[in-house]
Structures are given as C-alpha cells and as structure tokens.
Amino acid sequence: MGEYDGGGGSGPSRAGQELPPQSPEEQARAICLRLLTGSPRTRRQLADALHKRGIPGEVSEEVLSRFEEVGLIDDAAFAGAWVESRHRGRGLARRALARELRTKGVDGSLVTEALEQLDSEQEEETARELVARKLRSTRGLERDKRIRRLAGMLARKGYPEGMALRVVRRALEEEGEDTDDLPYEGY
C-alpha cells in the first residue's frame, strides 16, 4: 500500500486520477466538457463522440439539449466563427466553407446564415491576395502553366471557375503578361 492511501485527502490529487463518474449522464457531461475545453464543437460532433463512447442515445440527447440551453453548444456561433477564421486564415471561399461546415454537422440554414457574412467583393479580394502571393513563385514558367497553377490553387480553395480565371487574368495583366489571346476574356 502506498504512502497516501489513508484517504484523508492530504496527498497529492490529480483530477485525471479520480474515480470516473458513475452515471451515464455524468459520463456524458464529462466527455462533452472535456471536448469543449479544447475547442468549440458542433452538436453533432459531440453526439458522435458520445456514441463512440457507448453513451445511450436518450442520455446523449438530454445532455446535449441542456448544453445548448446554457449556451455551451451553439452551432450558429460555431459556424460564424468557422467562416471568419477559415476565410481569413486559409483564404477559403464560400463553397469550401459550406462543405466543411456540413461535414461538421452544421444545419444547412445555419451554414447559409454564416456564409452571408462573406460578400462577393470580399471573396474576390481574398482571391486576389492569394494569387498575388502565389504569383511570385510562378515567375519564369510559361503563361499557360502559370494560369493552371494559380486557377487550380483557387479552385482547391472553393472559388468559382469564372472568378478564379478573372482574378488570375487581371494579376497577369498587371504584371505585364499578354493575355489578349486567352479564351476566357468574357469572365
């Protein structure tokens, strides 16, 4: 027996070594709180985590509903913050952001609402900034290869083809590249 087995509470105690919660409700609350401590989560992400840990569905629903009532789960706020962060940080367009939010289980109406904070002008400005940064690394390549690389980069970030080609064309023109013979002049 160890030196601290007296049970008087005078020994070092770490929360991670305490006995696990006894009821499924306590287990569910502990799981959700632990996951929410790291970063915000959607209701579906938490429901999936509870399911994987064997928490009964009715207990999961009850705990998740209570967490929503007190504001610990807020899918609308999650979606808004996600759009702001991923657009600003990674330059993702609305289409890519919508895909990510749906993957995380955010309801379609909340996705639409969150994406409304990005307007077309803001999205196009971000596309221009992305192209300007990448443009330097494509210097010395033939024009068509540069166009494919730059437009491809925007496409991977969810930008519509027309906008991507228009932004790339404008960037190349500003750099002095001849673009008169490009077939997508109407974009």
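Going by the ring rule used here (rings of Phe, Tyr and Trp, with the six-membered ring for Trp, pair if their centres lie within 6.5 Å), the count comes to 1 aromatic pair. Phe78 and Trp82 have ring centres 5.7 Å apart and planes at 15°, so they are stacked; that word is for planes under 30 degrees apart, while over 60 is edge-to-face and the rest are tilted. Why those two values? A pair of aromatic rings is described by the distance of the centres and the angle of the planes.

A quick word on the ground rules. This is a predicted model, in which local features need pLDDT of at least 70 and side-chain atom pairs count only at pLDDT 80 or more, while totals for chains, interfaces and linings use all residues. Residues are numbered from 1 along each chain as its sequence is written, and side-chain values use heavy atoms, with hydrogens and water left out.

Phe78 and Trp82 sit 4 residues apart in helix H4 (residues 75–90), so about one helical turn separates them. Helices here are DSSP runs (H or I, at least four residues), strands are E runs of at least two, and both are numbered from the N terminus. Phe78 is buried, at a relative accessible area of 9%. Buried means under 20% relative accessible area, exposed means over 50%, and partly exposed is in between (1.4 Å probe, protein chains only).

Helix H4 also holds Ala79. What does Ala79 touch, leaving aside its neighbours within four places in sequence? It is in contact (heavy atoms within 4.5 Å) with Leu101, Val106, Leu110 and Ala114. Thr42, in the loop between helix H1 (24–38) and helix H2 (43–52), has contacts beyond four places in sequence with Ile73, Asp75, Phe78, Lys104 and Val106.

| Residue | Relative accessible area | Class |
|---|---|---|
| Ala79 | 0% | buried |
| Thr42 | 0% | buried |
| Glu125 | 34% | partly exposed |
| Arg156 | 60% | exposed |

Ala79 and Thr112 are 33 residues apart along the chain, with C-alpha atoms 9.4 Å apart. Glu125, in helix H7, is 34 residues from Gly91 along the chain, with 10.0 Å between their C-alpha atoms. Arg156, in helix H8, is 63 residues from Ala93 in sequence and 9.4 Å from it in space, C-alpha to C-alpha.

Next, a helix pair. Two packed helices are described by the angle between their axes and the distance between the axes. The axes of helix H7 (residues 120–138) and helix H8 (residues 143–156) come within 10 Å and cross at roughly 140°. Axes are lines fitted to C-alpha atoms, for helices over the stretch in contact, and angles run from 0 to 180 degrees between N-to-C directions. On the H7 side, Ala127, Leu130, Val131, Lys134, Leu135 and Thr138 meet Arg146, Arg149, Leu150, Met153 and Leu154 of H8. By class, that contact has 7 nonpolar, 1 polar and 3 charged residues. Nonpolar covers Ala, Val, Leu, Ile, Met, Phe, Trp, Tyr, Cys and Pro, charged covers Asp, Glu, Lys and Arg, and the others, Gly among them, are polar.

Finally, the whole chain. How many helices and strands are there? The chain has 9 helices and 0 strands. Of its 187 residues, 37% are buried. Among contacts with a separation of 6 or more, 61% join residues 24 or more positions apart.
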